[in-house]
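Biologist: Hi, I'm new to this one. Could you walk me through it?
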Amino acid sequence: KLKHVKARNDLIRFRLGVSQIKTHKYRNSKRINQDYACPYCKDIVETEAHFLLVCPAYDVIRNYYIPHKFFKNPCMQKLGMTG
């Protein structure tokens with residue numbers, strides 16, 4: 001349970017698909033694929049999985065908030081974010 005209000009609210013927005021990551025931000029626009037690129041990895045689309053489990057820019061935060069078992073072999077099924 002997250003006691004930090006901002007972190008909890010950010011997680012709620014993320015799970016609802018209304019966060020500031022590009023996949024959420026541009027979901028209903030006619031932007032081309034390059035607009036979805038991760039600002040840190042450039043050639044990778046900034047998806048939920050990339051943001052939460054893979055992007056090296058968030059390693060410190062990830063190590064603090066997410067148990068290692070979730071991002072050791074990353075997949076959306078481990079986070080319960082499929083279908």
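Biologist: How many residues does helix H1 have, and how far does H1 reach from its first C-alpha to its last?
Modeller: Helix H1, residues 5–16, has 12 residues and reaches 17 Å, close to the 16 Å expected. Helices here are DSSP runs (H or I, at least four residues), numbered from the N terminus, and the expected span is 1.5 Å times one less than the number of residues. Keep in mind that this is a predicted model: local features need pLDDT of at least 70, side-chain atom pairs count only at pLDDT 80 or more, and totals for chains, interfaces and linings use all residues. Residues are numbered from 1 along each chain as its sequence is written, and side-chain values use heavy atoms, with hydrogens and water left out.
Biologist: What comes just after H1?
Modeller: Gly17, which takes a positive phi of about 80 degrees.
Biologist: Switching to rings: how many aromatic pairs does a search of the whole structure find?
Modeller: It finds 2. Rings of Phe, Tyr and Trp (its six-membered ring) pair if their centres lie within 6.5 Å; planes under 30 degrees apart are stacked, over 60 edge-to-face, the rest tilted. Tyr40 and Tyr58 are edge-to-face, 5.7 Å centre to centre with 90 degrees between the planes.
Biologist: Which parts does that pair tie together?
Modeller: Tyr40 lies in the loop between H2 (22–25) and H3 (48–54), and Tyr58 in the loop between H3 and H4 (59–65), so the pair links parts 18 residues apart in sequence.
Biologist: And is Tyr58 buried or exposed?
Modeller: Tyr58 is buried at 18% relative accessible area, while Tyr40 is exposed at 52%. Buried means under 20%, exposed over 50%, partly exposed in between (1.4 Å probe, protein chains only).
Biologist: What about Phe51 and Tyr58?
Modeller: They form a tilted pair, 4.7 Å centre to centre and 55 degrees between the planes. Phe51 is partly exposed at 23%, and Tyr40, Phe51 and Tyr58 form one aromatic cluster.

Definitions and conventions: Helices (H or I, at least four residues) and strands (E, at least two) are DSSP runs, numbered from the N terminus.
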